[in-house]
Structures are given as structure tokens and as C-alpha cells.
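Subject: A structure for you to look at

Hello,

My notes come just below it.

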Amino acid sequence: MTIKANKVTRQFQGEVIRASSQKTVYVKVASVKTHQKYRKQYTTTSIYPVHDEKALAKVGNEVIFEECRPISKTKRWRLIEVVK
């Protein structure tokens, strides 16, 4: 008997900053971190290439995306939904 474990995938929400490719959008995600020594909070941003199969997302939209298998050399994220 084999037991399958539920796969945990990371999900992020961010803003589309570029949608120039056919099935790829670039999403900027901001996160707040705290400095370990000084306890000051600061904002960091990361840009993720996200696979958008149906070209739903436009520049300025808020989207939710999750981790998936490698789709190309740099794309490891899949679009879930366009929030607004």
C-alpha cells in the first residue's frame, strides 16, 4: 500500500510589471523583512517570470501565482488567477 503526501506549493501575490512576451508575465512581489540585529523593518522586492497560458494578465494587474515544474530555463511559476 502506498501513501501519497499532499504536495505543498508556494503561492505569492504581486503586481504585473511586464507582459511583453507571448505566454510570460513578469510579476513584482514585495515582502517586509526585519533586520536581525537592529530590528528595523525594510521592504525587498523580487521579480518572477510567470507562465500565463491564456494571456489573461495585463500590466498593472494584481495576480496570484504558484510554484510548479520547470516550464522553461527560467519559468518555474504558474498563474492561478487575476485578482484585479
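Please keep in mind that this is a predicted model. I will start with the strands, then turn to the charged pairs, and end with one threonine.

How the strands pair

Strand E1 covers residues 11-18 and pairs with strand E4, residues 62-67, in the antiparallel sense over five bridges. If you want a place to begin, find Phe12: the residue that partners it across the bridge in E4 is Phe65. E4 in turn is joined to strand E5 (residues 77-82) by five bridges, and these two also run antiparallel. Here Glu67 stands opposite Trp77 of E5.

E1 has another antiparallel partner, E2, with three bridges between the two. Arg18 is found opposite Tyr26 of E2. E1 and E2 make up a hairpin, with five residues between the strands.

Val27, for instance, has Tyr48 in E3 as its bridge partner. E2 and E3 form a hairpin as well, with six residues between the strands, and in that hairpin Arg39 takes a positive phi near 60°.

The salt bridges

Side chains of opposite charge can pair when their charged atoms come close. How many salt bridges are there in this model? The count comes to three.

One of them joins the side chains of Glu67 and Arg10, at 3.2 Å from N to O. This pair links distant parts of the chain, since Glu67 is in strand E4 while Arg10 is in the segment before E1, 57 residues apart. Glu67 is partly exposed, with a relative accessible area of 29%, and Arg10 is partly exposed too, at 46%.

Another salt bridge is made by the side chains of Glu53 and Lys23, at 2.9 Å from N to O. It also links distant parts of the chain: Glu53 belongs to the loop between E3 and E4, Lys23 to the loop between E1 and E2, and they are 30 residues apart. Glu53 has a relative accessible area of 47%, so it counts as partly exposed. Lys23 is partly exposed at 38%.

The side chains of Glu66 and Arg78 form a salt bridge as well, at 3.7 Å from N to O. Glu66 lies in strand E4 and Arg78 in strand E5, so this pair ties together parts that are twelve residues apart in sequence. Is Glu66 buried or exposed? With a relative accessible area of 15%, Glu66 is buried, whereas Arg78 is partly exposed at 34% relative accessibility.

A look at Thr24

Finally, please find Thr24, which sits in strand E2 (residues 24-34). Its relative accessible area is 10%, so Thr24 counts as buried. Which residues does Thr24 touch, leaving aside those up to four places away in sequence? They are Ala19, Pro49, Val50 and Lys75. With Lys75 there is also a polar contact, in which the side chains of Thr24 and Lys75 meet at 3.0 Å.

I hope this makes a friendly start. Do write back once you have had a look.

Best wishes

Definitions and conventions:
Residues numbered from 1 in each chain as written. Predicted model: local features only at pLDDT ≥ 70, side-chain atom pairs only at ≥ 80, totals over all residues. Heavy atoms only, no water. Helix = DSSP H or I, 4+ residues; strand = E, 2+ residues; numbered from the N terminus. Buried < 20%, exposed > 50% of the residue type's maximum accessible area, 1.4 Å probe, protein only. Polar contact = N/O pair within 3.5 Å; in protein donor to acceptor, adjacent residues only side chain to side chain. Contact = heavy atoms within 4.5 Å. Pairing = 2+ DSSP bridges. Salt bridge = Lys/Arg side-chain N within 4 Å of Asp/Glu carboxyl O.
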